[in-house]
Amino acid sequence: MKLTLLVENNPKIESFYKLNLFTWLGLETSCVKSGALALEHLTSHSDSVNLIIVRCRIGKEEAAQVIIDFLKLKSLEIPVIVIGPGEVPDVTCVANSLDLKLLIKKAAVALNITAKDMSNKVVADYFPIPIGYFNSIKRSVCSVYIQDTQMPQLYNLKIDKLKDFDANLISGLIQEGVNCLYVDKMDRLDFVNNVTSELISDLKAEEISEDELITAVDKSVELLSKKLLTIGITEETIALSKKNIAIITANARKSTKLSKLLDRLLSNKTSYLYKHTQILTYVGIHIVHNIDWGNADQEEKISFIAFFHDIVLENDLQCQISSMNELKKSKLSEAEKTLVEKHAQLAAEYVAKFPHAPMGSDQIIRQHHGQLHGLGFSDHYGANISPMAMVFIVAEEFTKIILKQESGKMNREEMLRELREEFTTSRFLKIVDKLETLIL
Ligand SMILES: [Fe+2]
Ligand SMILES: [Fe+2]
C-alpha cells in the first residue's frame with residue numbers, strides 16, 4: 001500500500017493530520033520532520049509515496065522548495081501540497097495549516113478520490129483509533145471498545161461515553177501491548193473531530209501563525225461550549241476559558257483597525273459566533289476605555305462578559321437571532337428555540353459559578369437581551385439597567401451592524417445613524433458617541 005509522506009515538525013499537527021487523513025480519505029501516513037529527511041526517504045522509497053504534504057518552511061529550511069526541486073531533478077511525479085503561509089508557484093497550497101477541510105479536499109483532488117469513492121468505501125463496524133490519541137482527551141464523546149484477545153470478532157466496552165477516564169488506564173493498556181481502541185463506525189467522525197479540536201486547542205500561540213491562531217481559538221471556543229454542557233465549570237473549563245479570553249483580548253488590543261481585524265476573521269472563515277465575540281470585545285474595550293468611569297478592571301470585565309454571554313449557543317444560526325420575532329420565524333427545532341430563549345440565563349448560571357468572575361458579570365449577561373430574568377428578548381431597557389450593561393448592549397448592536405455588512409468600506413456615519421435610531425435616550429446616546437473615535 002502506498003503511503004502519504006507528511007513533512008511536519010510539530011507533533012500535535014502531525015498527530016491530527018494523520019488521524020484526519022486516515023479517517024476521511026483512508027490514507028496511511030509516514031512522517032518526517034524536515035525537508036532533508038524527506039529527501040532521504042524519497043531517495044529509497046519514492047515508489048511507495050502517493051502524495052507529499054509539506055510545511056512550506058520548517059525552521060530555517062525552505063522545506064517545500066527543497067522537495068519540489070528534488071522531484072524535478074529526479075523527474076518524479078508525486079503530487080505535493082504545501083502547508084502554511086508562503087506561496088510556491090504552480091503547487092497546491094493550504095495557507096492556514098488548521099484549515100483541515102481544505103487540506104482534505106486538496107488531498108482528495110490530488111489522489112483522484114471522489115466523494116462517491118468515499119461514501120462507497122466499506123468501513124468495518126468498529127473503527128480503529130491508535131491508542132496514543134486517548135492521551136489527548138480526558139473523556140470520549142462516544143463509547144470506546146477494546147478487541148477481545150480470545151475472540152477477535154468481539155469488541156468489549158472499555159470506556160463509557162462522556163465519563164472521565166484515568167490516564168493510567170491508557171498507559172496500562174499500552175504496556176499490555178494494545179495498539180488500538182475502537183469506536184462504533186457511526187461515531188467515528190464525532191470522535192475524530194473532538195480529538196482534533198482538543199489537539200488544536202492545545203496549540204500554543206508561538207507554535208502557529210496569527211491566522212492559524214484565529215482558527216485555533218474558534219475551534220477552542222466551540223470545544224469549551226460543548227464541555228460546559230457536559231462537565232460545567234471545572235478546573236479544565238476554567239483554564240480553557242481563561243486561555244481563550246486572554247487571546248481574544250490580546251487580538252482586540254493589538255488590532256489597530258477594526259477593518260483589519262474583520263478581514264482576518266473573514267479570510268480565515270471563522271464562525272459567526274467567534275467573529276461576533278471577537279469584534280464585540282474590540283468595540284466593548286474601546287467604549288470602556290473612552291468612558292469617564294472606565295479603567296483596566298472594567299475593560300477586563302467587558303472582555304469577560306463578551307466571551308461568556310452567548311457561550312451556550314451551539315451554532316451560527318442560533319447566534320444571529322436577536323428578537324422574539326426572529327426566534328419564532330426561525331427554522332430552528334423546538335429544543336434549539338428553547339436554548340436560544342434561555343441562553344442568557346444559562347450563561348449567567350455558568351458565570352455565577354466561575355471563581356473570581358468580575359463582579360456583577362453574571363447579572364449583565366442575564367440582562368444582555370434586555371430581560372431581567374435572562375429569558376427571551378426585549379427592545380425596552382429599564383431605567384435601572386447598569387452603565388456596563390448599557391455599554392454591552394450598544395457594543396453588541398454595533399457588532400451586529402458591522403457583521404451585517406461584512407465586507408466593503410465601513411461608513412461610520414451610516415452605522416452610527418442606525419444605532420441612534422435604535423437607542424434614543426440620552427444615557428444610551430452618550431455611549432454611542434464614544435464610537436465616533438473608534439478606528440475603522
Ligand atoms: Fe451576542
Ligand atoms: Fe445573546
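Visitor: Which handedness does the crossing of α11 and α17 have?
Guide: This is a predicted model. In it, α11 passes α17 in a right-handed crossing.

Visitor: What angle do α11 and α17 pack at, and how far apart are their axes?
Guide: The angle is about 130 degrees, and the axes are 9 Å apart. That makes α11 oblique to α17. Helix α11 covers residues 272-290, and α17 covers residues 387-405.

Visitor: Which residues meet there?
Guide: From α11 the list is K275, H276, I279, L280, V283, G284, I287 and V288. They meet V391, F392, V394, A395, E396, F398, T399, I402 and L403 in α17. By class, this contact has 12 nonpolar, 3 polar and 2 charged residues.

Visitor: And α12, what angle does it make with α11?
Guide: About 155 degrees, with the axes 9 Å apart. That makes α11 roughly antiparallel to α12, because an angle over 145 degrees counts as such. The crossing of α11 and α12 is right-handed.

Visitor: Which residues of α11 meet α12?
Guide: T277, L280, T281, G284, I285, V288 and H289 do, and on the α12 side they meet Q298, E299, I302, S303, A306 and F307. The classes for the contact of α11 with α12 are 6 nonpolar, 6 polar and 1 charged.

Visitor: Switching to sheets. What is the strand order in the parallel one?
Guide: It is an open sheet of 5 strands in the order β2-β1-β3-β4-β5. The edge strands are β2 (29-32) and β5 (92-94), each pairing on one side only. Neighbouring strands of this sheet are turned by 20 degrees against each other on average, direction ignored.

Visitor: How many residues of β3 are buried?
Guide: 5 of the 7 residues in β3 (49-55) are buried, so the strand is mostly covered if buried means 20 or more other C-beta atoms within 10 Å.

Visitor: How many bridges join β3 to β1, and how many to β4?
Guide: β1 (residues 3-7) is joined to β3 by 5 bridges, and β3 pairs with β4 (residues 80-83) over 4. Both pairings are parallel. T4 has L51 in β3 as its bridge partner. On the β4 side, I53 has I81 as its bridge partner, and V54 stands opposite V82.

Visitor: Which strands does α2 lie across?
Guide: Helix α2 lies across β1, β2 and β3, and runs at about 160 degrees to β1. H45 is in this helix, which spans residues 35-45.

Visitor: What about the antiparallel sheet, what order do its strands have?
Guide: The order is β6-β9-β7-β8, in an open sheet of 4 strands. β6 (126-130) and β8 (155-159) stand at the edges with a single partner strand each, so one side of each has no neighbour in the sheet. On average, neighbouring strands here are turned by 45 degrees against each other, direction ignored.

Visitor: How many bridges are there between β7 and β8?
Guide: There are 4, in the antiparallel sense, with β7 covering residues 144-147. Y145 has L157 in β8 as its bridge partner.

Note on methods. Residues are numbered from 1 along each chain as its sequence is written. Chains are lettered from A and ligands numbered from 1 in the order in which they are written. This is a predicted model: local features need pLDDT of at least 70, side-chain atom pairs count only at pLDDT 80 or more; totals for chains, interfaces and linings use all residues. Axes are lines fitted to C-alpha atoms, for helices over the stretch in contact, and angles run from 0 to 180 degrees between N-to-C directions. Helices (H or I, at least four residues) and strands (E, at least two) are DSSP runs, numbered from the N terminus. Angles under 35 degrees count as roughly parallel, over 145 as roughly antiparallel, 65 to 115 as roughly perpendicular and the rest as oblique. A crossing is left-handed if the near helix is turned anticlockwise from the far one by less than a right angle, and right-handed if clockwise. Two residues are in contact if their C-beta atoms, placed from the backbone, lie within 7 Å. Ala, Val, Leu, Ile, Met, Phe, Trp, Tyr, Cys and Pro count as nonpolar, Asp, Glu, Lys and Arg as charged, and the others, Gly among them, as polar. Two strands pair if DSSP finds at least two bridges between them. A residue is buried if 20 or more other C-beta atoms lie within 10 Å of its own, exposed if 12 or fewer, and partly exposed in between; C-beta atoms are placed from the backbone.
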